[in-house]
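Work through the exercises below with the structure in view. Try each task before reading its solution.

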Amino acid sequence: MLKPLGDRVIIEVVEAEEKTASGIVLPDSAKEKPQEGKVVAVGSGRILDNGAKEALEVETGDHIIFSKYSGTEVTFEGKDLLIIRESDILAVIK
Amino acid sequence: MLKPLGDRVIIEVVEAEEKTASGIVLPDSAKEKPQEGKVVAVGSGRILDNGAKEALEVETGDHIIFSKYSGTEVTFEGKDLLIIRESDILAVIK
Amino acid sequence: MLKPLGDRVIIEVVEAEEKTASGIVLPDSAKEKPQEGKVVAVGSGRILDNGAKEALEVETGDHIIFSKYSGTEVTFEGKDLLIIRESDILAVIK
Amino acid sequence: MLKPLGDRVIIEVVEAEEKTASGIVLPDSAKEKPQEGKVVAVGSGRILDNGAKEALEVETGDHIIFSKYSGTEVTFEGKDLLIIRESDILAVIK
Amino acid sequence: MLKPLGDRVIIEVVEAEEKTASGIVLPDSAKEKPQEGKVVAVGSGRILDNGAKEALEVETGDHIIFSKYSGTEVTFEGKDLLIIRESDILAVIK
Amino acid sequence: MLKPLGDRVIIEVVEAEEKTASGIVLPDSAKEKPQEGKVVAVGSGRILDNGAKEALEVETGDHIIFSKYSGTEVTFEGKDLLIIRESDILAVIK
Amino acid sequence: MLKPLGDRVIIEVVEAEEKTASGIVLPDSAKEKPQEGKVVAVGSGRILDNGAKEALEVETGDHIIFSKYSGTEVTFEGKDLLIIRESDILAVIK
């Protein structure tokens, strides 16, 4: 298992389908939008200036939208994962 | 539903009409001004250095003016939305 | 009505007369000085690190001097306004 | 009257004489040194992170030395003044 | 023995095998990913603004993933080590 | 008298002799080292974030070593002085 | 004696031997590694935001490893010394 440090979050990227049902390739501009992912592990939180540890807002299993090009790719046990900071997460899909 | 994180706000952009009633296209300079939008979701707030969570000043439904070119575009359930930070909001139209 | 957010202030610019009484155009250097304006709306204040909200020093109706080229222009109900941060205000004319 | 905001100070510049008694023009290097001024108005102080307002060290009437090229020139009621931050004041002449 | 200062950590890099079992050299892109290491010593922690010392999250013996190209190489008692800051550690392998 | 503001210190530079006893001019590299000075006045201290005023570590009369090229030259009552921040002082010679 | 200010430390550099026993000059890459030094004096500590003074982790006599190219060279009583900040010290050799 991978346990991220601090305010980091590990996600599995949900690849946007590059072809529509009818097989039309989407134009590039459509692919510049932020990406969707699924949270697979969260860090123990961020240390505030007063010494308290602030837990993350997201939880394992959350479906999220995050800034494209953020984070570091890592392959672990055959899976391609991405380690990002929680601040790169824009919103949770509920 | 999309729930923004931290001090982020999700808005629907209110497109300025590019033609006046008489059909005259406005000059570019007029379009460089800030944009109008409607708040559709707000984050739970910003964590202060003392650990308290500061709620946002804007609420869902507010009509706002925000800095052009700020934020990240996202398409969700067929709608074009923009995720911005509250600090990019200049004023609320009341 | 426009309600600015945080430590922002909305002002009406008081245009310096570009011609003197005798019709002489002032040289450019004279126009590089800071501008005068009238405060038409003030934000609710700046959040300090300890969570308190610090009210602004200026009030609606104040005549102020502010740094030229600061802020964002906005046209609202036919009036040309400028949204600036209070820190761009140099002094109040009393 | 002009009331500066925050930690700002308004000064009248004391022009260094460019010619010595014997009429010799001083070399440029001599003019690169900091300038002397007289404080004509002081702001109400700087807000600290704990919300307290820290009064300025200088007072109206003080003769000071300040960093050349700092501040913003303003003409008010026919006088050429300079609005600077207190941090641009190097020392008080006592 | 080497005792790192503050929030620093000393690690032994676990070299990724550059050839697969069948002898095929992996493409460069695969080598751009973060590196694996083993923690051999940890600093006494980071001083917070309130004066408290925050202990590190990682411990001696932990297997970690860290940002490539971070830290300073040092050879000590014949071993090649790397001194990095804890903030360069992405995750712990458990 | 000159009273420096805040964490500033006024010093008289102690010129390193550019010629040795035998008249040999020292190479340039030797002159790139930090300079020696004598403290002639100290500011009342630096305001901390909690509002307390932290007195300076150096005192009038101290012989110090400071970073070359730091500070602002000023001529006062015929003496060439240098106004520097205490953080530019490297060490006190005791 | 030289007493460093604040979080500064004075060290004597321990020169790495540039030739091995057999007289072979080490390649440049080997000399890019951090340097070893011996602490000869330490400052009284760093002032935290809450006004407390945090003592340094290193002590006079410690053998340390520090970042190459950090600090300021000074010659004092015929000895070549280096004044660095404690944050440039990577580890203590115990």
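This is a predicted model: local features need pLDDT of at least 70, side-chain atom pairs count only at pLDDT 80 or more; totals for chains, interfaces and linings use all residues.

**Exercise 1.** Find the order of the strands in the open sheet, and say which strands lie at its edges.

Solution. Step one: trace the seven strands, which follow the order β1(A)-β9(E)-β6(E)-β3(E)-β2(E)-β8(E)-β7(E). Their pairing is antiparallel. Step two: look for strands that pair on one side only; these are β1 (2–4) of chain A and β7 (72–76) of chain E. Step three: follow the twist, which averages 40° from one strand to the next.

**Exercise 2.** Describe how β1(A) is joined to chain E.

Solution. Step one: the partner of β1(A) is strand β9 (residues 89–93) of chain E, and the two run antiparallel. Step two: three bridges join them. Step three: within this pairing, A:Lys3 stands opposite E:Val92.

**Exercise 3.** Characterise the interface between chain A and chain B.

Solution. Step one: count the residues in contact, 18 in chain A and 23 in chain B. Step two: take the buried area, about 1,600 Å², with 57% of it on carbon and sulfur atoms. On the side of chain A, A:Lys33, A:Glu57 and A:Leu90 lose the most area, together 34% of what that side buries. Strand β9 (residues 89–93) of chain A gives the largest share of that side, five residues. Step three: list the polar links; there are zero salt bridges, but eight residue pairs are in polar contact.

Key. Residues are numbered from 1 along each chain as its sequence is written. Chains are lettered from A and ligands numbered from 1 in the order in which they are written. Side-chain values use heavy atoms; hydrogens and water are left out. Two strands pair if DSSP finds at least two bridges between them. Helices (H or I, at least four residues) and strands (E, at least two) are DSSP runs, numbered from the N terminus. Axes are lines fitted to C-alpha atoms, for helices over the stretch in contact, and angles run from 0 to 180 degrees between N-to-C directions. Contact means heavy atoms within 4.5 Å. Buried area is the accessible area (1.4 Å probe) that two parts lose on being put together, summed over both. A salt bridge is a side-chain nitrogen of Lys or Arg within 4 Å of a carboxyl oxygen of Asp or Glu. A polar contact is a pair of N or O atoms within 3.5 Å; within protein, one must be able to donate a hydrogen and the other to accept it, and residues adjacent in sequence count only if both atoms are side-chain atoms.
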